[in-house]
Amino acid sequence: MSDRYSIIPIPVAYESREGNFRFEKETWLIAEPGLERETEVLAAWLSRVPGIEKVKIVSANSNISESLFMPSGHERNKPEGSMILLSLEPELFFNTPEGYILDIAPSCIQIKAAESAGIIRGAASLWQLALGNGRKEEQEVSIQAGRIVDEPRFSWRGLMLDCARNFFRVEFIEKLLDLAAFHKLNVFHWHLTDDQAWRLEIPSKPELVQYGAFRRDLRYQEEYKKGGYYSQSDVKRIIDYAQARHILVVPEIELPGHSIALLASHPEYSCKGRADPTVHFEPEDRYGIFEDIVCAGNDDVFVFFDDVLQEVCKMFPGPYVHMGGDEAPKTRWLECSDCRERMNTLGFVSEDSGYLPEKLQAWFMGKISNLLFKYGRRMIGWDEVIDGDIRRDTIVMSWRGIEPGIHAAKRGYDVIMCPQTRACYLDHKHNDEPEEPGHLGVCTLSDSYLFEPVSDKLSDEESDHILGGQANLWSELIYFGRQAEYMLFPRLCALSEVFWSPRGKRSFEDFSQRLRVHEHRLDALNVCYYKGRFF
Ligand SMILES: [Zn+2]
């Protein structure tokens, strides 16, 4: 069967039947009220399938069987074209809102789900099947009859794109959102600020992008600035596009480290800049970890971020905001009289070792998470964020390996697994050949595929804290969208199966066979993907 359907990620259950569904000259999408957006997305997806010419949307009134006939004003005959029905059936039982049934009969296709999110996941399976195995345009598009019953293993199936080191335009992000939905991912983690750029327009603080969104490219002798930022309307466009595909957008604003581009417009929020007005920063064009971070001893910092986060929460309707919290060296805090005074006041001093700046970081991130709580949001942080004590509703992204995530889950924190250790960091090389692009390590396709987010070290109850996993694409060495595609694919296909499919269904051998078919689909969608060895 898998050679017939070859869906990635592999569905929970499927069976084939006699016959084929053929796409005729016209394809009719018939949907119940309430599924208008999902229907439009499926129509857009199918119209990109070579061989499918016309896709027409018909909204059903209340009874979908009525709509099996021509719309009002015409004779009640079955339409000339091929038919696809989308229907909500609240009585269908799934463990998650994303469960769906895809019924393929020679006469029509039906996508059924209890909720609209399930309709989109079923539509993604149909899109894959319609793209088939890369047939030529003149051939007819047909799908083997059968039935798929499917739902995800994890509720968090993420993709992070670093838009700070390299600026990706909105059109490219939309392409990635479609490819994420194609693989049934449901979270877009948007890394918007870092040492190299501040990309998010905050209306009340235009200086943030004015000084933070463009940086001097140090590779050129002459003055040459590169960069860009996302305006309010860009953000709305991305959120709308993602929402239609049932993908949650999670913005990331990095604190207290990785913040040079913020300090470019507000040097007074650095430890050195508060007392010395000559201190000056520019967005970095080098990579690494920089010692200048946001001062924890300056109360104005929290007033400033209260305003910023209030605006961020207005822009992003989702329940989470990622606040970074990683790789913050404490050199400046230890030198800073304001930070030292804060540590004295809070008692973050020990007789043996002096100041305890790690506790100050936990306190700092705690203040930020309280600001978010005020606006009804939960904070996500990289795994360093729980080095001290922080609100239990903080969500931990385990990146330094799986151990920090195991530790966090045992302490009762919700965890998203995205370890850099040969699993989820897709800026790493596909293989260890010197010609291969990438840096900081190697992560082969099989490494990604064999990654398991739930460790045997966790009890059942602790395992419930593992919300899922995420692929992360950092862009220090990525200058163009095409390069991003090459780093993402096909490892993102492998991870989508890790995050969606039942553990017992996963087989790398079987996946590799399906991938051969799937590559034709990626070709049809104009994706630039890696074609070298998988091990
Ligand atoms: Zn300070």
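Modeller: A helix here is a DSSP run of H or I with at least four residues, and helices are numbered from the N terminus. In this predicted model, Asn-526 falls in the segment after helix 17 (508-524).

Colleague: What stands out about phi of Asn-526?

Modeller: Phi of Asn-526 is positive, near 60°, and the residue is not a glycine. Most residues other than glycine have a negative phi. Glu-327 is also not a glycine and has a positive phi, about 45°. Glu-327 sits in the loop between strand 13 (320-324) and helix 9.

Colleague: Why is Glu-327 called partly exposed?

Modeller: Partly exposed covers the counts between the two cut-offs, 12 or fewer for exposed and 20 or more for buried. Glu-327 has 15 C-beta neighbours inside 10 Å, so Glu-327 counts as partly exposed.

Colleague: How do you know that Val-235 counts as buried?

Modeller: The cut-off for buried is 20 or more. Val-235 has 21 C-beta neighbours inside 10 Å and therefore counts as buried. Val-235 belongs to helix 6 (residues 232-244). With neighbours within four places in sequence left aside, Val-235 is in contact with Tyr-230 and Met-315. Arg-199 is 36 residues from Val-235 in sequence, and their C-alpha atoms are 11 Å apart.

Colleague: What makes Leu-360 buried?

Modeller: Leu-360 has 23 C-beta neighbours inside 10 Å, so Leu-360 counts as buried. Leu-360 is part of helix 11. Leaving aside neighbours within four places in sequence, the contacts of Leu-360 are Ala-296, Trp-333, Cys-339, Arg-342, Met-343 and Phe-348.

Colleague: Which residues of helix 10 are buried?

Modeller: In helix 10 (residues 337-346), Cys-339, Arg-340, Arg-342 and Met-343 are buried.

Colleague: How do you know that they lie on the same side of helix 10?

Modeller: They cover an arc of only 155° around the axis, so they are on the same side of helix 10. The face turned away from that buried side carries the exposed residues Ser-337, Glu-341, Asn-344 and Thr-345. Cover for the buried residues includes helix 9 (331-335), strand 14 (349-350), strand 15 (354-355) and helix 11 (357-374). After helix 10 comes Gly-347, with a positive phi near 80°.

Colleague: At what angle do helix 2 and helix 3 pack?

Modeller: Helix 2 (residues 36-46) and helix 3 (residues 116-131) pack at about 10°, and their axes are 10 Å apart.

Colleague: Why is helix 2 called roughly parallel to helix 3?

Modeller: Angles under 35 degrees count as roughly parallel. The angle of about 10° therefore makes helix 2 roughly parallel to helix 3.

Colleague: Which residues of helix 2 and helix 3 meet?

Modeller: Helix 2 brings Glu-38, Val-41, Leu-42, Trp-45 and Leu-46, while helix 3 brings Ser-116, Ile-119, Ile-120, Ala-123, Trp-127 and Ala-130. By class, this contact of helix 2 with helix 3 has 9 nonpolar, 1 polar and 1 charged residues.

Colleague: What does the domain assignment give for the protein chain?

Modeller: The domain assignment gives domain 1 (2-150) and domain 2 (156-524). Their centres, taken over C-alpha atoms, are 36 Å apart. Domain 1 gives 19 residues to the contact, and domain 2 gives 24 residues.

Colleague: Which helix supplies the largest share of the side of domain 1 that touches domain 2?

Modeller: Helix 3 does, with 7 residues. Helix 1 (2-5), helix 2 and helix 3 each supply at least two residues of that side. By class, the side of domain 1 that touches domain 2 has 11 nonpolar, 5 polar and 3 charged residues.

Colleague: What kind of peptide bond joins Ile-8 and Pro-9?

Modeller: The bond between Ile-8 and Pro-9 is cis, with omega about 0°. Most peptide bonds are trans. Pro-9 lies in the loop between helix 1 and strand 1 (13-22). Phe-489 and Pro-490 are also joined by a cis peptide bond, with omega about 5°. Pro-490 is in the loop between helix 15 (481-488) and helix 16 (491-500).

Conventions. Residues numbered from 1 in each chain as written. Predicted model: local features only at pLDDT ≥ 70, side-chain atom pairs only at ≥ 80, totals over all residues. Axes fitted to C-alpha atoms, helices over the stretch in contact; angles between N-to-C directions. Parallel < 35°, antiparallel > 145°, perpendicular 65-115°, else oblique. Contact = placed C-beta atoms within 7 Å. Nonpolar A, V, L, I, M, F, W, Y, C, P; charged D, E, K, R; others polar. Arc of directions from axis to C-beta. Domains from an automatic or database assignment.
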